[in-house]
Amino acid sequence: MPVPNRLAAMAPEMTEWRRDLHAHPELGLEEHRTSEIVAAKLAAWGIAVHRGLARTGVVGTLKVGSSPRAIGIRADMDALAMEEANDVPHRSRHPGRMHACGHDGHTAMLLGAAKYLAETRNFDGTVHFIFQPAEEGLGGGRIMVEEGLFDLFPCDRVYGAHNDYQMPVGEMAVAEGAVSAASDRFTITIAGRGGHAARPHQTVDPVLVGSHLVLALQSIVARGIDPADPAVVSITQFHAGSAGNVIPEEAMLNGTVRTRKPEVQDLIERRMGEIAQSVAAAFGATVTLEYRRGYPPVINAPEATEAAARAAAALLGEGKVHRTLPVRMGGEDFSYMAQRVPGCFVRIGQRGKDGAGAVPVHNPRYDFNDEILPIGAAFWATLVEQELPRR
């Protein structure tokens, strides 16, 4: 089943939407322009619009026929706080903000599916188009659920998707079980004794303590975790000092922990505290660890996964649908929705033959591959028509 002609013809329009969103990125819970655009388009197509969940979230509801069945389809809308390095006409117009994860494309694909389904109405039941803010660290999915997403818009199943720069255009991955990692964050504050850089013996140098900690914390995974259990400890920020001739009073480390099993998550949190205290004590410093548990893993439910795989195979062919995935340690707050309603999170290949779409996400030169906009929209439309068949 190829991409329907009507959706294929919509490709230039979806590309225009996507590039406009890319040029005007907005951070989590600040997606005011984006949500205005989404809500206006949905309303223009005759789709009922609800706004205000998680501040800038938008839910469009399209009911056709009399079936009581309902499904939700979610797209994320927020950008990242980073500078874009691309030299393209649609590059970010806002310094320090860019769509480096493809949420602009996810939003455009779901808008395309919504327009198509509103025009064709070839299904029987209810579709909730969920446009979620704040996926990048602020937990917009959790906030929407806590504020009553599935009480206001009951769903039998919920689905989400992400572009995949490692997979070719025309392929998808639809795997049962865990498809992302738990995503935690931590801050370690080291208190020493500052002084003149020429007299280090009179100080307790928190920079030296922090440097030893950066190395020591890597031993948790390397020597404390079963190699069969995926785990990551990454220190991503080291803040200390204000002058070249001053040993500071304090240093701070920030980072993230990614795990797939609760027992491994517990072990890493405990060992981080033990190692931080021991290393600091060895140098005469004191330390505090703030460990913040974040997104749980996304667990794809069996029935929802099978439904998504059938739709993907109908669109692309059975041989283009991967039913297993290599271990991925990214975090994804679709997990909160999939905890409440049986769900499935799929990946849509975007690596083109000419190298388009091959730059990793969260990279300043990343850009969504517009070639897959009709594929993503067609997948959503196929899934709706399959799961909510006309009687």
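This is a predicted model: local features need pLDDT of at least 70, side-chain atom pairs count only at pLDDT 80 or more; totals for chains, interfaces and linings use all residues.
Reader: Let's start with holes. How many cavities of 30 Å³ or more does the structure hold?
Author: It holds 1. The largest cavity has a volume of about 30 Å³.

Reader: Which residues line the largest cavity?
Author: R74, A75, H106, M109, A161 and W380.

Reader: Which elements give two or more residues to that lining?
Author: Strand β3 (70-76) and helix α4 (103-120) do.

Reader: And how does the lining split by class?
Author: It has 4 nonpolar, 1 polar and 1 charged residues.

Reader: New topic. How many aromatic pairs are there?
Author: The count comes to 4. One of them is W17 with W45. That pair is tilted, at 5.7 Å centre to centre, with 40 degrees between the planes.

Reader: Where do W17 and W45 sit in the chain?
Author: W17 is in helix α2 (residues 11-23). W45 is in the loop between α3 (32-44) and β1 (48-51). They are 28 residues apart, so the pair links distant parts of the chain.

Reader: Are W17 and W45 buried or exposed?
Author: Both are buried.

Reader: What about Y295 and Y336? Why is that pair called edge-to-face?
Author: Their planes are at 85 degrees, and the cut-off for edge-to-face is over 60. The ring centres are 5.9 Å apart.

Reader: Which parts does that pair tie together?
Author: Y295 lies in strand β13 (residues 286-295) and Y336 in helix α11 (residues 334-340). The pair therefore ties together parts 41 residues apart in sequence.

Reader: Why does Y336 count as buried?
Author: Its relative accessibility is 14%, and buried means under 20%. Y295 is buried too, with a relative accessible area of 9%.

How values were computed: Residues are numbered from 1 along each chain as its sequence is written. Side-chain values use heavy atoms; hydrogens and water are left out. On a 1 Å grid over the protein atoms alone, a cavity is a set of points where a 1.4 Å probe fits but cannot get out, and a pocket is an open set with protein on both sides within 12 Å along at least five of seven lines; lining residues have an atom within 4 Å of a point. Grid points are joined across faces, edges and corners, and a volume is the space filled by probe spheres set on the points. Helices (H or I, at least four residues) and strands (E, at least two) are DSSP runs, numbered from the N terminus. Ala, Val, Leu, Ile, Met, Phe, Trp, Tyr, Cys and Pro count as nonpolar, Asp, Glu, Lys and Arg as charged, and the others, Gly among them, as polar. Rings of Phe, Tyr and Trp (its six-membered ring) pair if their centres lie within 6.5 Å; planes under 30 degrees apart count as stacked, over 60 as edge-to-face and the rest as tilted. Buried means under 20% relative accessible area, exposed over 50%, partly exposed in between (1.4 Å probe, protein chains only).
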